[in-house]
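Subject: Structure handover: aromatic rings

Hello,

Here is the structure I promised you. Please open it and keep it on screen while you read the notes below.

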Amino acid sequence: MRLSQMLLVTLREDPVEAEIPSHKLLLRAGYIRRIGSGIYAYLPMMWRVLKKVSQIVREEMDATGAQECLLPQLQPSELWKESGRWDTYTKAEGIMFALIDRQKRELGLGPTHEEVITTVAKDMIRSYRQLPLNLYQIQTKFRDEIRPRFGLMRGREFIMKDAYSFHTDHESLKKTYQAMDQAYRNMFSRSGLEFRAVEADSGAIGGSGSQEFMVLADAGEDEILYTEDGKYSANVEKAVSLPPDLEPSPYNTYEKLETPNTSTIDTLCQFLKCSATSVVKNVLYQIVYDNGMTVLVLVSIRGDQDVNEVKLQNELVKLADQYDATTVLALTVPEVATQEKWASKPLPLGYMAPDLADDYIKSAKDIAPQFLRLVDQTAVELKNFTTGSNESGYHVVGANWGEQFQLPKLVVDVRKASPGDRAIHDPNQTLKSARGIEVGHIFQLGTKYSSAMGATYTSEQGEEIPLCMGCYGVGVSRLAQAAVEQSYDKDGIIWPVAIAPYHVIITIPNVGDTQQMAAAEKLYTQLNEAGIETLLDDRNERAGVKFKDADLIGIPYRIVTGRSLKDGKVEVVERATHKSTELSLEEVLPTLKQWIDTALRTV
């Protein structure tokens with residue numbers, strides 16, 4: 001392609017709306033243009049990148065025996081109500097674009113396709129002989145993000161590969177899950193990315209287990225905790241660890257003490273000269289279930305630990321049926337203004353005890369009359385602990401479960417693992433932290449959707465059994481930007497060879513020089529005919545502008561038909577290293593072919 005004929009407009013300054021390097025560079029280099037909040041046009045160079053990523057994904061999926069299809073983006077609300085996710089996606093998480101058509105029917109623009117594919121399976125899969133089956137698609141998805149940001153990282157419209165597998169049992173699902181795990185590793189390796197597979201929370205998708213694939217980058221939205229022995233890695237939302245060792249309480253007898261101005265753990269421990277590991281702190285949450293019921297949750301946890309709200313919400317979803325509900329719409333730490341809606345009197349904030357009286361809750365039909373009391377495992381083992389007294393300005397010391405306080409019946413693991421914690425699999429290993437960009441996620445769904453939607457198969461024994469399912473997603477457009485976020489320098493993008501829009505750019509410093517033009521045209525024809533995708537910068541621009549644009553757009557190799565032509569040579573520059581090599585015109589094709597083939601083989 002000739003740059004003089006291409007839609008390419010580069011910018012010298014960073015766009016004001018761009019926050020992270022990859023977003024800035026994709027806009028500056030003319031790959032994307034913002035059309036609206038979280039909505040971007042993929043321009044010709046970007047579309048070439050996306051097609052290459054899609055092809056790598058397609059080849060790896062096809063190699064596993066998966067079959068490509070295309071599912072509707074417009075989805076009837078009835079399917080989502082059948083699975084129980086309509087309220088979750090339109091109200092709780094609020095990420096689905098919902099609309100009403102002229103026949104007054106509710107529809108949603110698909111953020112994901114579990115319901116649609118389960119409906120297809122329900123209609124078409126009859127016998128165990130048809131299983132296992134894995135179907136995938138590559139298409140645009142939609143999410144009504146509260147705050148779209150970071151360009152293609154968190155947009156309201158994005159390209160995704162999603163696959164769904166169907167099985168007779170969990171053992172069959174595990175085989176496909178492992179095949180997808182390997183296929184995903186192949187996809188990201190072939191795309192030239194440094195990544196890490198981590199344990200993850202299944203979120204609104206659900207299922208018994210899931211794994212995320214994170215591209216390592218400083219601007220990543222997710223925190224990853226891992227051990228250097230390579231045996232453990234997890235998203236911080238899912239991570240587990242051993243808490244620091246307990247320090248004995250200095251108080252051996254139960255006593256109520258005046259503790260003025262000690263509403264935080266730090267101020268309390270300084271005042272009482274005790275360790276936070278000997279304190280039980282009590283954290284109040286307000287949740288709203290999908291039936292409108294408000295429940296006040298009191299979590300007792302060791303004073304040096306924090307609550308992982310993702311883990312907590314998962315525990316509360318498990319308890320939803322106790323309140324005739326199915327899922328949690330909202331989980332918040334109630335502020336003073338919110339407390340007034342349900343609190344019958346002012347709360348002793350900072351001084352609450354595990355037995356905070358239920359009469360703090362107003363009597364109302366949509367408010368549960370009692371606190372839901374949970375205790376984290378870290379607090380269960382404490383002896384002679386310090387905690388609140390339910391009176392502002394006072395705490396109690398030397399308290400014990402089963403004596404001064406009744407241990408809550410619901411013992412849970414809701415603590416947040418942190419860098420520096422000891423690993424469970426090997427206490428000699430400590431958790432390290434890294435930032436990551438999620439580009440893939442695989443789930444073992446089990447029968448969550450098939451049971452809810454009546455998708456069954458007939459077993460060999462003639463029984464009707466719910467299909468066992470898996471789900472596997474790759475963010476195609478997100479992956480492309482993640483590659484930029486992982487690989488750039490002060491001059492611009494450094495594309496991995498496998499997904500670069502072009503392999504080579506030929507820069508002609510002076511288009512008025514017939515010798516430079518002739519050499520460039522000859523190389524341009526030779527390289528393209530040999531399958532090396534080549535750009536020809538034949539614009540009537542200054543050489544400096546062309547060099548800057550070549551670095552900015554990030555093409556892996558640049559050929560310069562400059563002064564060395566008098567010796568029958570051209571300069572070849574590797575974008576990643578800026579290493580410059582002079583090659584004769586005859587050496588250019590075989591040398592570049594070797595370099596490109598080597599780059600593609602090593603990923």
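Why are Tyr184 and Phe188 separated by about one helical turn? Both sit in helix α6, which covers residues 170-190. They are four residues apart there, so about one turn of the helix lies between them.

Keep in mind that this is a predicted model.

**Ring pairs**

I looked at aromatic rings first.

Now go back to helix α6. Why does the pair of Tyr184 and Phe188 count as edge-to-face? The ring planes stand at 85°, and edge-to-face needs an angle over 60 degrees. The two ring centres are 6.0 Å apart.

Are these two residues buried or exposed? Tyr184 has 0% relative accessibility, so it counts as buried. Phe188 also has a relative accessible area of 0%, and is therefore buried. The cut-off for buried is under 20%.

This pair has further partners. Ring pairs link Tyr184 and Phe188 with Phe195 and Phe213 in a cluster.

**Charges over rings**

Which residue lies over the face of Tyr502? Arg48 does, at 4.0 Å from the ring centre. Tyr449 has Lys448 over its face. Here the distance to the ring centre is 5.4 Å.

Best wishes

Terms used:
Residues are numbered from 1 along each chain as its sequence is written. This is a predicted model: local features need pLDDT of at least 70, side-chain atom pairs count only at pLDDT 80 or more; totals for chains, interfaces and linings use all residues. Side-chain values use heavy atoms; hydrogens and water are left out. Rings of Phe, Tyr and Trp (its six-membered ring) pair if their centres lie within 6.5 Å; planes under 30 degrees apart count as stacked, over 60 as edge-to-face and the rest as tilted. Helices (H or I, at least four residues) and strands (E, at least two) are DSSP runs, numbered from the N terminus. Buried means under 20% relative accessible area, exposed over 50%, partly exposed in between (1.4 Å probe, protein chains only). A charge sits over a ring if NZ of Lys or CZ of Arg is within 6 Å of the ring centre and within 35 degrees of the ring normal.
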